[in-house]
Amino acid sequence: MARRTFLAAQGFTDPRPSGPVTRRHLQRVLERIKLLQLDSVNVAVRSHYMPLFSRLGDYPSALLDDAAWSPSARRPRLLAETWAHEASLVPVADWPLLGHRTLPRRWWKHYAPLLERHPSLAGDIRAVVAERGPIGAGAIEKALAPEGRAGEVRPRPPGATWWERSEVKQVCEYLFAVGELAVGTRRHFERRYDLPERVLPAEVIAAPPPDPADAARALVAKSAAALGVGTETDLRDYYRLGPERTRIAIAELVDAGELEPVAVRGWAKPAYRSPSATVPRTVPGRALLSPFDPLVWERGRAERIFGFRYRIEIYVPEAKREYGYYVFPFLLDGALVGRVDLKADRVAGVLRVPGAFAEPEACVPQARIAAELAAELAAMACWLGLDGVEVGERGNLAAALRSALRSAVRAG
């Protein structure tokens with residue numbers, strides 16, 4: 001029952017559009033899942049695009065780009081970047097709820113010594129952004145250098161990794177995290193910083209900052225709606241709130257009748273159900289899931305609800321990987337029945353599947369898993385503008401998946 005409740009809350013009982021996907025469909029998904037996690041990995045597709053495909057099928061990625069980074073008078077901004085579960089896109093109305101007074105002090109607390117070493121740097125960066133934004137961190141550093149304002153600031157060393165940021169970039173990220181800068185747009189996935197008042201709607205900027213306790217209650221209620229049912233840890237993790245603030249918010253929401261305490265069979269901890277939650281009799285359909293989809297991003301919850309042990313193996317040495325570098329779980333009729341290692345080979349024009357695996361305990365015949373997965377992979381390849389799917393040798397489902405793809409090609 002918890003599984004079906006979760007799937008319904010996440011939008012997997014909503015039918016996929018039969019015609020072109022529109023802004024209205026995008027809003028429907030956002031009403032369900034509340035946010036889209038950002039991630040820099042582009043092996044198959046960047047993570048924020050995939051949850052929409054999982055729920056809507058083929059859609060134009062420009063629909064999301066316009067909503068987040070290229071608004072216009074006719075199509076105003078729907079989404080803003082902020083720190084939520086991780087770096088995320090959230091509806092613009094939710095941006096004030098996620099201010100640094102609501103969230104626990106996260107990685108940006110470690111930047112205090114940097115700000116003390118360069119006490120004027122934050123103000124200098126804001127001045128450049130005010131004059132030239134939206135602007136990237138590298139361009140900000142160059143703008144500061146002629147005036148000597150960045151003369152003593154450590155630049156990004158030549159040949160540095162993506163994580164080795166210059167001190168200007170670190171301060172830009174700090175200012176973004178605490179809401180003093182916003183992301184106006186992106187270019188080649190680089191953040192272009194701007195002033196919040198030039199990014200967010202006037203009514204959002206003009207509204208007084210919410211009381212942190214009120215914001216926490218609103219965020220816990222949103223977490224419950226997105227999860228359907230969850231433990232205190234589940235509700236806290238969705239927006240990465242602090243434990244004490246979450247516990248207080250849950251107690252207040254229960255007292256107000258906006259959360260219902262429930263017991264879930266097999267769960268060791270108490271659970272709480274959203275009043276909006278529904279329990280469908282079945283959850284038909286299929287979907288490939290990004291490693292950062294909210295259905296599976298909390299690995300302990302995925303194992304508790306689906307019996308699906310899932311770890312991302314990007315940072316595991318290749319010889320020690322169990323399933324592959326960038327693995328997508330496969331959802332079929334309400335169960336996680338398989339997983340595929342995916343890579344979009346844009347030069348060759350194919351979606352590569354180095355490994356395909358059926359779950360040992362899957363209650364669906366492998367032939368059906370292979371057929372449904374083949375259809376979904378073909379749809380994903382088409383969505384990505386690739387010409388086909390090529391399956392490698394690894395995994396207990398690889399042979400059946402190759403056969404299913406060949407059959408689909410012949411039938412087509």
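Reader: Which helix gives the most to the lining of the largest cavity, and with how many residues?

Author: First the general idea: rolling a probe the size of a water molecule over the atoms shows where empty space is left. The model here is predicted. In the lining of its largest cavity, H12 gives the most, namely 3 residues. Helix H12 (232–239) and helix H14 (299–306) are the elements that give two or more residues to this lining.

Reader: What is the volume of the largest cavity, and which residues line the largest cavity?

Author: The volume is about 60 Å³. Its lining consists of Leu 227, Asp 234, Asp 237, Tyr 238, Pro 294, Leu 295, Trp 297, Glu 298, Arg 301 and Ala 302. Sorted by class, that makes 6 nonpolar and 4 charged residues, with no polar ones.

Reader: How many cavities of 30 Å³ or more does the structure hold?

Author: There are 2 of them. The second largest cavity contains about 40 Å³ of space. Around it stand Gln 10, Gly 11, Asp 14, Arg 28, Val 29, Arg 32 and Arg 55. Helix H2 (residues 23–33) has the largest share of this lining, with 3 residues. The classes here are 1 nonpolar, 2 polar and 4 charged.

Reader: Now an open space. What is the volume of the second largest pocket, and which residues are the closest to its centre?

Author: A cavity is a space the probe cannot get out of, whereas a pocket is open. The second largest pocket has about 380 Å³. It is lined by 18 residues, of which Trp 95, Pro 96, Gly 99, Pro 209 and Pro 210 are the closest to its centre. At least two lining residues each come from helix H8 (167–177) and helix H10 (202–206). By class, the lining has 12 nonpolar, 5 polar and 1 charged.

Reader: Back to H12. At what angle do H12 and helix H13 pack, and how far apart are their axes?

Author: A helix packing is read from the two axes and then from the residues in contact. H12 and helix H13 (residues 243–255) pack at about 115°, and their axes are 10 Å apart. From H12, the contact uses Glu 232, Leu 235 and Arg 236, and from H13 Pro 243, Thr 246, Arg 247 and Ile 250. These contact residues comprise 3 nonpolar, 1 polar and 3 charged.

Reader: Is the crossing of H12 and H13 left-handed or right-handed?

Author: The crossing of these two helices is right-handed.

Key:
Residues numbered from 1 in each chain as written. Predicted model: local features only at pLDDT ≥ 70, side-chain atom pairs only at ≥ 80, totals over all residues. Heavy atoms only, no water. 1 Å grid on protein atoms, 1.4 Å probe; cavity = no way out; pocket = protein on both sides within 12 Å on 5 of 7 lines; lining within 4 Å. Points joined across faces, edges and corners; volume = space filled by probe spheres on them. Helix = DSSP H or I, 4+ residues; strand = E, 2+ residues; numbered from the N terminus. Nonpolar A, V, L, I, M, F, W, Y, C, P; charged D, E, K, R; others polar. Axes fitted to C-alpha atoms, helices over the stretch in contact; angles between N-to-C directions. Left-handed = near helix turned anticlockwise from the far one by under 90°. Contact = heavy atoms within 4.5 Å.
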